[in-house]
Amino acid sequence: MIDRALFIAQSSNDWSEWLESTGVVLLAAALVVTCIAVWMTNLIALPGNWICVLLVAIYAWLGPSEGRAAIGYGAVLGVFGIALVGEMIEFFAGAVGAQRAGASRRSTLYSIIGSMAGALTGAVVGVPVPVIGSVIAAILFGGIGAAAGAMYGEWSDGKKWRDNWTVGHATFWGRTFGTLGKTTIGLGIIVIVIAAVLV
């Protein structure tokens, strides 16, 4: 009976030591890998940057409070600021393009749906470019889907083809530049996360 209690106590100590060293490293690595995967969802019109912010905040709150793999609340504020800037870039690029062409609210809603469907299709289909083919296709098809959705919205409002084409063209470029800007800015989140767990 004493031996079993001693064994349990020893196992508990071994487990605690593992958590303090290897477990923290694995947790930090999981955070980095998850943030990179989630960041890539920006390409299919999902809020990847904001999910990264949430993951970093949870890690800062529940993860190690000191040591190499610890993340402070300064890093959380940094990634929040980057996500906010990325969202502003995407919003202004999309809104300015569509509004300049005179898109209606219905067209804007359809362009969002079309953008998501197009980006998902592009990510699955890809283009014949090694390594980054799916990324290029997700951006390109997302813009095409946004344009098609906006054009359908204008057509369903009874507008002429020439007006539909103008709105679709503006929506394509607004969505494409907005996604590129948001994804590029979001790369700063990944840099902060990697730097925070390594320093």
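Biologist: Let's start with helix 5 and helix 6: is their crossing right-handed or left-handed?
Modeller: Keep in mind that we're looking at a predicted model. In it, the axes of helix 5 (residues 133-156) and helix 6 (residues 161-198) come within 7 Å. They cross at roughly 145 degrees, and the crossing is right-handed.

Biologist: And how many residues of that contact are nonpolar, polar and charged?
Modeller: Helix 5 brings in residues including Ile139, Leu140 and Glu154, while helix 6 supplies, among others, Trp161, Asn164 and Arg175. Sort the contact residues by type and you get two charged, six polar and 13 nonpolar.

Biologist: Okay, cysteines next. How many disulfides turn up in a search of the whole structure?
Modeller: A disulfide is a covalent bond between the sulfur atoms of two cysteines. Take Cys35: its closest cysteine sulfur sits in Cys52, 4.1 Å away, and that's too far for a bond because the cut-off is 2.5 Å. Cys52 is in no disulfide either. Across the whole structure, the count is zero.

Biologist: Is Cys52 buried or exposed?
Modeller: Buried means under 20% relative accessible area. Cys35 passes that test with 1%. Cys52 has a relative accessible area of 0%, so Cys52 is buried.

Biologist: Last one: which residues is Thr183 in contact with, leaving aside its neighbours within four places in sequence?
Modeller: Thr183 is found in helix 6. With 9% relative accessibility, Thr183 counts as buried. Once those sequence neighbours are set aside, the contacts of Thr183 are Trp39, Asn42 and Leu43.

Note on methods: Residues numbered from 1 in each chain as written. Predicted model: local features only at pLDDT ≥ 70, side-chain atom pairs only at ≥ 80, totals over all residues. Heavy atoms only, no water. Axes fitted to C-alpha atoms, helices over the stretch in contact; angles between N-to-C directions. Helix = DSSP H or I, 4+ residues; strand = E, 2+ residues; numbered from the N terminus. Left-handed = near helix turned anticlockwise from the far one by under 90°. Contact = heavy atoms within 4.5 Å. Nonpolar A, V, L, I, M, F, W, Y, C, P; charged D, E, K, R; others polar. Buried < 20%, exposed > 50% of the residue type's maximum accessible area, 1.4 Å probe, protein only.
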